[in-house]
Amino acid sequence: MASPSRGFSALVHLLGLTSFIWSFKYMHDNPNHANEAYGWHFQYLTVLGLSLSLVTMACGLIADVTLSPRLFLVKNLLSMCCTPLEVLISILYWGLRLIDKRLVVPDWAIIPLNADISFHAAPSVILLIDLLLLSPPWTITILPSLGLSSTIAIGYWFWIERCFSYNGIYPYPIFEVAGFEGRVGIFAISAVVMALSTGTLKWLYGRVNGFGTSKPQSRPGAIKQNGHF
């Protein structure tokens, strides 16, 4: 479907931006222990992913309104980072929650269903719609995607250890339960799952759009094909 455009594309990006802003408003209106902790809610991978998704949708919406190929490029490049990340977050959160809710939700945290869906399901759904219907095909291969996911995993690991040094607790209870060796395994597996999700999303894009049966007309970095500067 046409993107950037002031029609369906703008509607999808507006709905995504509205949902993500509501999530941040919920955190502001319903303070808990994380509000007073070092790192605020940015200790959580969920919130870091939500922030990146918000920026992605904002770039997409502005590109729709202005029909800017440059912002369309920025949106697509950000999407290659945050869409696999949001899929990973949804898989990890809901999978671990099914096993034991206490692994991902601290005892003091109360998350109603609407907020839970807004944080842990809506971002991946909205970004999947954007990828499958409103984006050119990804050209990233498995090794660069593994490098990207590993960089994110290592960066987040250093970040939560820094937060732990100030707060004395980890943002997700599973990090405490797993111990050091367990955390190494969790981050390594997460990096691999995120890289595999990138490949799976590329495959799914092809199934939906027929990529592979005809020559693609656009690439995420080919801004000159999407309009004029």
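**Figure 1. Helix α1, end to end.** At 1.5 Å a residue, the 22 residues of α1 should span 32 Å, and the end C-alpha atoms of α1 sit 31 Å apart, which agrees. The expected span here is 1.5 Å times one less than the number of residues in the helix. This is a predicted model, so local features need pLDDT of at least 70 and side-chain atom pairs count only at pLDDT 80 or more, while totals for chains, interfaces and linings use all residues. Residues are numbered from 1 along each chain as its sequence is written, and side-chain values use heavy atoms, with hydrogens and water left out. Buried means under 20% relative accessible area, exposed means over 50%, and partly exposed is in between (1.4 Å probe, protein chains only).

**Figure 2. The whole fold, for orientation.** We've got eight helices and zero strands here, running α-α-α-α-α-α-α-α from the N terminus. Helices (H or I, at least four residues) and strands (E, at least two) are DSSP runs, numbered from the N terminus. The C-alpha trace spans about 50 × 40 × 30 Å along its principal axes. Of the 229 residues, 47% are buried. Among contacts with a separation of 6 or more, 76% join residues 24 or more positions apart; contact means heavy atoms within 4.5 Å.

**Figure 3. Inside the largest nonpolar core.** This core has 39 residues, and those with the most contacts inside it are Y156, I160, Y172, F175 and F187. At least two core residues come from each of α1 (8–29), α3 (45–66), α4 (69–99), α5 (113–120), α6 (122–134), α7 (142–167) and α8 (173–209). A second, separate core of eight residues includes V87, W138, L201 and Y205. By nonpolar core we mean a set of buried Ala, Val, Leu, Ile, Met, Phe, Trp, Tyr and Cys residues joined through side-chain atoms within 4.5 Å. Zoom in on Y172 and, leaving out residues up to four places away in sequence, you'll find it touching Y44, L45, T46, L103, V104 and Y156.

**Figure 4. Rings on rings.** The structure holds 15 aromatic pairs. Take F175 and F187: their ring centres are 5.5 Å apart and their planes are at 20°, so the pair is stacked. Rings of Phe, Tyr and Trp (its six-membered ring) pair if their centres lie within 6.5 Å; planes under 30 degrees apart count as stacked, over 60 as edge-to-face and the rest as tilted. Both F175 and F187 are buried. They also belong to a cluster linked by ring pairs, made up of Y44, Y156, W157, F164, Y170, Y172, F175, F180 and F187.

Figure 5. S79 lies in helix α4 and, at 1% relative accessibility, counts as buried. Setting aside neighbours within four places in sequence, S79 is in contact with T56, P84, D130 and W138. V192 is in helix α8 and is partly exposed, with a relative accessible area of 41%. From V192 to W138 it's 54 residues in sequence and 18 Å in space, C-alpha to C-alpha.
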